[in-house]
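Please read the points in order.

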Number of protein chains: 2
Amino acid sequence: MAKAAYEELCAHSKKTFVLSSAASVLSWDQETGMPPGGGDLRALQLAELAALSHERATDPRIDAWLKVCEQDAAMRSDLFLHANLRGMRRDYDRATLLPESLVRELAATESRAQKAWAQARADSNYAGFQPWLTRMLELQRLKADCLKSSGQSRWDALADLYEPGMNATDLRALFTPLRKRLVELRAKLDARGRKPDESLAKVEFEVPRQEAFVRAVLSAMTFDFTRGRLDRSAHPFCCGTLDDVRLTTRFHKDNVLDALGSTMHEGGHGLYEQGLDKDHQGTPLAEAVSLGIHESQSRLWENHVGKSRAFWQWCKQNAMRELGPLAVPFDADMIYRTANVVSPSLIRVEADEATYDLHVMVRFELETALLHGDLDVKDLPLQWNRLYLDYLGVEVPDDRRGCLQDVHWSCGLFGYFPTYTLGNLYAAQFAAAARRAIPDFDDQLARGTFADLREWLRSNIHQHGRRYTPSELCQRVTSAPLSSEAFLSYLEAKLCAVYEI
Amino acid sequence: MAKAAYEELCAHSKKTFVLSSAASVLSWDQETGMPPGGGDLRALQLAELAALSHERATDPRIDAWLKVCEQDAAMRSDLFLHANLRGMRRDYDRATLLPESLVRELAATESRAQKAWAQARADSNYAGFQPWLTRMLELQRLKADCLKSSGQSRWDALADLYEPGMNATDLRALFTPLRKRLVELRAKLDARGRKPDESLAKVEFEVPRQEAFVRAVLSAMTFDFTRGRLDRSAHPFCCGTLDDVRLTTRFHKDNVLDALGSTMHEGGHGLYEQGLDKDHQGTPLAEAVSLGIHESQSRLWENHVGKSRAFWQWCKQNAMRELGPLAVPFDADMIYRTANVVSPSLIRVEADEATYDLHVMVRFELETALLHGDLDVKDLPLQWNRLYLDYLGVEVPDDRRGCLQDVHWSCGLFGYFPTYTLGNLYAAQFAAAARRAIPDFDDQLARGTFADLREWLRSNIHQHGRRYTPSELCQRVTSAPLSSEAFLSYLEAKLCAVYEI
């Protein structure tokens, strides 16, 4: 009976997956190629598929099947079974805990808050967004109250949606020493007063050449183009899974390193998705375990590979030939230094490795305070600007470039931001473990041989899907709990070398 | 109460449309850009959406709503209402007349027959396909028996699926004199023994130049790229409707006229879809009325515009500049003659305008005989080859290029082929009517002004959707029932001029 129930559960899960994977292709198309006129119908298509997926994900039979299986599984030691049941239970509970009325209210408010935010940002007028942020916080508190288990704070309940197990207490313990060291590092680099050569960043390369270049790198990374694509979109992303993984990147004539970074970043996400275990397609065992772990894969390829000296030794002699004669004058070392310039910015998406996490910490401080009522909505801009000065040493000139800079809060993503930093920390810890496992790691990169690294990632991380929790996975792969040590050692060593400190 | 039922009907119809339009984007993606690995999942996605659409299209509430509305509508004279109800009734009956078991059996047999056909064709081995054709015919007879109304033959019942009202008796009355005149015309051109210059067809143009060329023509045709796209696929097609219409074409280095013809053909389909009435989106009033009328739109643009002397006067001086210096030596008249070369071929898809319909008539004769048991399956190749010699004057060298040449029968499309010829006849009759309505028709084409023609087609044909039956539409637009006169006058006049007879 439990076997039959488990089969029903898996079949049901796969049917839901088939629908949501169809929606994913439609979303991809919307961002890459849909004619502008198609937008209205596309919204209806996506809403229809989302409603059908939601209906399936909340089918009460799931709960009944799960109860049968959970009772039976308590007497078994099958890790796969346990992991799948745990994943399905988590997904079912999360899909059913929110009342329909709140889901609808959230969707409607997000849609209107988005518009209000876009207008407020265009006008750099915080007052235009303030009532929407207030309302959004009220709804997020209601949402958190539906989700939270005993002992969880509201923020923790929201954060757990994106990173199972993440909570503000653990994060603060990670972030406080990390911030101290990063602020010190920034000061040290500032004091050195020496900027590496940045000229490559300014050369204008034709877009078709840039595209050939990033495709050559993606191929070398072993991204499988028979099971994936690369296209262009305004904001790079990765969607799809397993045998149909779609990446996008973007090209600016005068910023080839941005195109490369975006491509390697999305390529890292894509390798994770291609590396899941197809035997379990459509069930939690073939799904990424968390946003933080997903981000570790993109940041590992973008930074630990793509901003390493060894990578540029290969890249300059090989993939970069696609850029043509304008690229000839640059040597590998010069580009390596350019790729690692540190220069505090006003927004995370343009940040270097040394200041990136400081943006995340500003957001973390502010959103926990907002959500728990320790910061009044009207005081947000003042507080935002104070923290930017404090952490990053930059003066925020206006709210457009300050607290109105991006879309996360207006579309209801509270508890999401720290996954970016978790990604960096996991990436560093994984990269250090990969280096221990692959003794000639740098030599391989310098030869453009990325297969061993990809294999290590696949067998240690990708193929497990949601078999382990993020912290179990970290412990298993790196023999240590998550800390910022690997990240800081890596970063300080690299930047001190680049800046000749 | 009838008003409420009608609103329910329309809302339900629109919801079904939203799902099937999503499937259409996924099919387009499958043919244009899906990575090969994505095929398995895509098949599941399309099957799932087809099942959901079928479930909606056969919802018994439709019948109940329809009955309420039909009773009420009998007392009203609202043409739109009547047309929508007639369309919905037709669709519902057709979706529910076949028992589930037969639908499944057909789908399974088609899928296996396709594979058997592909193998038999590769081997030019009719014996390998014969049992599948036999089985397919048995199933098609069962299908016809479910569909046919009193007085309809089995073939008529199948043909009516593609062209409402089409029947073998009317077709034979159209085809018999048409065949006689076409065979005579072919003989006359043969006797003339003079081939127009064909050299443009042999020049190798780079694919990006060809693409720029066909895009320029499509823009001139007023295809709206803010509500549509053009991509490449192995077999050109048009899918989508209204604000998201997707065309594909194909390019061969040494056959720019094929790329142009395919593009203008699909462009004609696309203009029809873009020209439907958006106010009725998702209901029969915003759907193409029949395959024959759809094909009339593609053939009108492909042949009546794209193979006219006036068109080439404009095209040579304008769009053709995109082809670069290799195109310079050709003059408009020379290309016009090349585009109108008559040369009987073994397959419809490569046929010129004078012999195209003879391919269709061969198929019509054979499939009516097969379906009604007047031709034994084992005798098909002999009979196929005899008719090709008789109608087209060509010797069929083997079954691969003979009765195994294409996919229609193996995928169950009986009763479909004649819509190609209906398309040609409607196109000619519509083009003649458009010429009467637009006195400077040729001057407009020679200036590259296609807006008046497009507007005439939109207001007379496109915007009506399924408001009229195909024959009502023809009578309305051309003040005459369908005949082959307009087509033959047009063709004989053009070809005698080209061949200087």
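This is a predicted model: local features need pLDDT of at least 70, side-chain atom pairs count only at pLDDT 80 or more; totals for chains, interfaces and linings use all residues.

1. A residue is counted here as buried if 20 or more other C-beta atoms lie within 10 Å of its own C-beta. By that criterion, 44% of the 501 residues of chain A are buried.

2. Chain A contains 20 helices and 3 strands. Its radius of gyration is 23 Å, close to the 23 Å given by the globule rule for 501 residues, so chain A is as compact as a globular protein of that length. The C-alpha trace of chain A spans about 70 × 50 × 50 Å along its principal axes.

3. Among the contacts in chain A with a separation of 6 or more, 73% are made by residues 24 or more positions apart.

4. In chain B, attention turns to a pair of helices. Helix α1 (residues 2-32) of chain B packs against helix α2 (residues 39-57) of chain B at an angle of about 160°, and their axes are 9 Å apart. Angles over 145 degrees count as roughly antiparallel, and α1(B) and α2(B) are therefore roughly antiparallel to each other. Their crossing is left-handed.

5. Which residues of α1(B) and α2(B) meet? On the α1(B) side they include H12(B), K15(B), L19(B), A23(B), L26(B) and Q30(B). On the α2(B) side, R42(B), L46(B), L49(B), S53(B) and R56(B) are among them. By class, this contact of α1(B) with α2(B) has 9 nonpolar, 7 polar and 3 charged residues.

Key
Residues are numbered from 1 along each chain as its sequence is written. Chains are lettered from A and ligands numbered from 1 in the order in which they are written. Helices (H or I, at least four residues) and strands (E, at least two) are DSSP runs, numbered from the N terminus. The radius of gyration is taken over C-alpha atoms; the globule rule is 2.2 Å times the number of residues to the power 0.38. A residue is buried if 20 or more other C-beta atoms lie within 10 Å of its own, exposed if 12 or fewer, and partly exposed in between; C-beta atoms are placed from the backbone. Two residues are in contact if their C-beta atoms, placed from the backbone, lie within 7 Å. Axes are lines fitted to C-alpha atoms, for helices over the stretch in contact, and angles run from 0 to 180 degrees between N-to-C directions. Angles under 35 degrees count as roughly parallel, over 145 as roughly antiparallel, 65 to 115 as roughly perpendicular and the rest as oblique. A crossing is left-handed if the near helix is turned anticlockwise from the far one by less than a right angle, and right-handed if clockwise. Ala, Val, Leu, Ile, Met, Phe, Trp, Tyr, Cys and Pro count as nonpolar, Asp, Glu, Lys and Arg as charged, and the others, Gly among them, as polar.
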